[in-house]
Amino acid sequence: TRSTRPQRMLKAVQKNAIRGNPESVISAIDYFCKHSEWAMNVGDEKGCILDSVVTEVDPSTVLELGTYCGYSTVRIARLLSPGTKFITVEFNPASAEVARKIIAYAGLQDKVTLVEGASGDLIPQIKKLYGITTFDFIFLDHWKDRYLPDIKLFEEYGLLGKGSVLLADNVICPGTPEYLEYVRNSPRYESRYYPSHLEYTKVEDGLEKSLFLG
Ligand SMILES: O=C(NCCCCc1cc2cnccc2s1)c1cc(-c2ccc(F)cc2)cc(O)c1O
Ligand SMILES: [Mg+2]
């Protein structure tokens with residue numbers, strides 16, 4: 001049967017990247033998406049903003065919602081200090097399967113715990129299952145209509161501490177209007193918008209960084 005886009009992306013990584021070299025995996029995926037097939041990775045332009053925020057926060061605990069093929073997972077994991085706890089969540093089993101292979105190809109499998117499931121089911125269990133108290137950094141890149149309900153779950157289950165940073169992808173395209181309205185108007189967050197473009201296109205998009213004030 002016909003291969004899937006994630007499977008073709010994996011093939012491109014195995015062909016064009018150097019095993020154990022995260023930078024080459026990132027470049028191979030960006031090349032594939034620019035010259036072969038568009039795919040919904042955060043991409044190189046927004047990826048550089050992601051890198052700078054991760055570096056600035058230097059988190060001890062990280063959560064990513066929306067692994068997809070592992071592109072942003074590799075971008076984040078390559079910057080983390082040893083001993084950092086990094087959990088990434090993917091809903092689609094086929095994507096998760098490809099992500100595991102891409103993360104392993106980059107040599108970062110020991111830094112990442114990939115969990116399959118839906119955020120709404122998982123968030124209430126994270127403390128119990130993974131022994132996390134609070135997350136220093138959260139990257140939101142899953143269903144756009146889940147950003148708001150899930151940030152409320154983070155608050156409800158005490159998963160945010162004073163200084164926790166949330167970075168949300170796609171706040172313009174496809175767009176997360178209710179989430180933006182919430183973090184920009186809530187006295188509990190300090191938010192800042194990073195203008196950019198939809199991955200591999202000239203379409204306007206951006207990232208919203210929100211600092212939890214406690
Ligand atoms: O949908 C997007 N990402 C989410 C995939 C949802 C899968 C998961 C749900 C879920 C639930 N719980 C836990 C984990 C997870 S993972 C997405 C879409 C576009 C896009 C697509 C077409 C287009 F014309 C313009 C933009 C661009 C992007 O950067 C995206 O991120
Ligand atoms: Mg995205």
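**Figure 1. Around Thr84.** Leaving aside residues up to four places away in sequence, Thr84 touches Pro59, Ser60, Thr61, Val62 and Lys111, where a contact means heavy atoms within 4.5 Å. Everything in these views comes from a predicted model, in which local features need pLDDT of at least 70, side-chain atom pairs count only at pLDDT 80 or more, and totals for chains, interfaces and linings use all residues. Residues are numbered from 1 along each chain as its sequence is written, chains are lettered from A and ligands numbered from 1 in the order in which they are written, and side-chain values use heavy atoms, with hydrogens and water left out. Thr84 sits in the loop between helix H4 (71-77) and strand S2 (85-90). Helices (H or I, at least four residues) and strands (E, at least two) are DSSP runs, numbered from the N terminus. With 15% relative accessibility, Thr84 counts as buried; buried means under 20% relative accessible area, exposed over 50%, and partly exposed in between, using a 1.4 Å probe and protein chains only. A polar atom of the Thr84 side chain lies 3.5 Å from the backbone oxygen of Pro59.

Figure 2. The mean pLDDT of the protein is 98, and 100% of its residues reach 70 or more; pLDDT is the predictor's confidence in each residue, from 0 to 100. For the complex, the predictor gives an ipTM of 0.99 and a pTM of 0.99.

**Figure 3. The magnesium ion (ligand 2).** Three protein donors are shown here: Asp141 (OD), Asp169 (OD) and Asn170 (OD1), lying 2.0 to 2.2 Å from the magnesium ion. Donors are N, O and S atoms within 2.8 Å of the metal (3.2 Å for Na, K and Ca), and sites may look incomplete because water is not among the atoms. Along the chain, the donors follow the spacing D-x27-D-N. Asp141 lies in the loop between strand S4 (135-140) and helix H8 (147-156), while Asp169 lies in the loop between strand S5 (160-168) and helix H9 (171-175); the pair is 28 residues apart and links distant parts of the chain. Are Asp141 and Asp169 buried or exposed? Both are buried.

**Figure 4. Ligand 1 and its neighbours.** There are 19 residues around ligand 1, and Ser119, Asp141, Lys144, Asn170 and Glu199 come nearest; a residue is near a molecule if one of its heavy atoms lies within 4 Å of it. Look for a polar side-chain atom of Lys144, 2.9 Å from an oxygen atom of ligand 1. Asn170 also has a polar side-chain atom 2.7 Å from an oxygen atom of ligand 1. For Glu199, an N or O atom in the side chain is 2.6 Å from an oxygen atom of ligand 1.

Figure 5. In helix H10 (residues 177-185), the buried residues are Tyr179, Leu180, Tyr182 and Val183. Seen down the axis of H10, these buried residues fall within an arc of 165°, so they line one face of the helix. The arc is that of the directions from the helix axis to the C-beta atoms. On the other side of H10, you will find Pro177, Glu181 and Asn185 exposed. The cover over the buried residues of H10 includes S4, H8, S5, H9, strand S6 (189-197) and strand S7 (204-212).

**Figure 6. Ser210 in strand S7.** Ser210 is found in strand S7 and is buried, with a relative accessible area of 0%. Not counting residues up to four places away in sequence, Ser210 touches Ser164, Val165, Leu166, Tyr179, Val183, Tyr189, Glu190 and Ser191. The side chains of Ser210 and Ser191 are joined by a polar contact of 2.7 Å. Such a contact is a pair of N or O atoms within 3.5 Å; within protein, one must be able to donate a hydrogen and the other to accept it, and residues adjacent in sequence count only if both atoms are side-chain atoms. Ala168 is 42 residues from Ser210 along the chain, and their C-alpha atoms are separated by 8.4 Å.

**Figure 7. Backbone details.** Which peptide bond is cis? The bond joining Cys173 and Pro174 is, with omega about 5°, and Pro174 has its place in helix H9. Asp58, although not a glycine, has a positive phi of about 45°. Asp58 belongs to the loop between helix H3 (43-57) and strand S1 (61-65). Tyr68 is another residue other than glycine with a positive phi, near 55°, and lies in the loop between S1 and H4.
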